[in-house]
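I opened the model and kept a notebook of what I looked up.

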Amino acid sequence: MADTNAIVKNMARRRARRMAKEWSAFALKCIIGLLFLFPIFVMLSWSLRPDAELVEYGKTLIPRTWTLEFYKWCFQNLHLFMYMKNSFIQYLIIFAGHILFSTFASFAFVYCDFKGKNFVFSIILMAQAIPGEVNVIAN
């Protein structure tokens, strides 16, 4: 009976330790997430205040008066809808090209036998394993 109580107490201590680790890891992740979101909050806050308040009360986080004048000015003077349309068209063309090329390449790898098939396939897999950000930084 004494052994059973010791085992139960030991299991309870282990469970409590594991829960404390999980909660502290969760709290740390939440704090890091808030640190990453803070600059976005500051930019959004500054974009929603009038010009005079930016100069006068630049150090406060929450605007005293809320306005959308900067967004109105941007959409009127910077042709943002045209830029979004052009980006969307470019995205569609690139997406269609990827789908078309991938379809033909996968068909060739499955149904055709050619010299160097395994080598080319391994090169494609290695290229996909490298994140795109690495290529952007290199250029």
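**Entry 1: ground rules**

I am working with a predicted model, in which local features need pLDDT of at least 70 and side-chain atom pairs count only at pLDDT 80 or more, while totals for chains, interfaces and linings use all residues. I number residues from 1 along each chain as its sequence is written, and side-chain values use heavy atoms, with hydrogens and water left out.

**Entry 2: the largest pocket**

I began with empty space. Rolling a probe the size of a water molecule over the atoms shows where such space is left. A pocket, on a 1 Å grid over the protein atoms alone, is an open set of points where a 1.4 Å probe fits, with protein on both sides within 12 Å along at least five of seven lines. What volume does the largest pocket have? I noted about 250 Å³. That volume is the space filled by probe spheres set on the points, which are joined across faces, edges and corners.

Next I looked up the lining, meaning residues with an atom within 4 Å of a point. Among the lining residues of the largest pocket are Gly97, His98, Phe101, Phe121 and Gln128. Helix 4 (80–111) and helix 5 (117–129) each supply at least two lining residues. The largest share, 7 residues, comes from helix 4. Helices here are DSSP runs (H or I, at least four residues), numbered from the N terminus.

I also sorted the lining by class: 7 nonpolar, 5 polar and no charged residues. Ala, Val, Leu, Ile, Met, Phe, Trp, Tyr, Cys and Pro count as nonpolar, Asp, Glu, Lys and Arg as charged, and the others, Gly among them, as polar.

Gly97 counts as partly exposed because its relative accessibility is 34%. The scale is buried under 20% relative accessible area, exposed over 50%, and partly exposed in between (1.4 Å probe, protein chains only).

**Entry 3: the salt bridge**

How many salt bridges does the structure hold? I noted 1. A salt bridge is a side-chain nitrogen of Lys or Arg within 4 Å of a carboxyl oxygen of Asp or Glu. Side chains of opposite charge can pair when their charged atoms come close. Here Asp113 pairs with Lys117, and the closest N and O atoms are 3.5 Å apart.

Are the two partners buried or exposed? Asp113 has 74% relative accessibility, so it counts as exposed. Lys117 has 18%, so it counts as buried.

I stayed with Lys117, which is found in helix 5. Its side chain reaches the backbone oxygen of Phe109 at 2.8 Å. Leaving out residues up to four places away in sequence, Lys117 touches Phe109, Val110 and Cys112. Touching means contact, with heavy atoms within 4.5 Å.

**Entry 4: single residues**

Lys115 lies in the loop between helix 4 and helix 5. Lys115 is exposed because its relative accessible area is 84%.

Tyr111 is in helix 4, and at 63% relative accessibility it counts as exposed. From Tyr111 to Ser122 I count 11 residues in sequence and 17 Å in space, C-alpha to C-alpha.

I ended with His79, in the loop between helix 3 (69–77) and helix 4. Most residues other than glycine have a negative phi. His79 is not a glycine, yet its phi is positive, about 55°. At 48% relative accessibility, His79 counts as partly exposed.

Conventions
A polar contact is a pair of N or O atoms within 3.5 Å; within protein, one must be able to donate a hydrogen and the other to accept it, and residues adjacent in sequence count only if both atoms are side-chain atoms.
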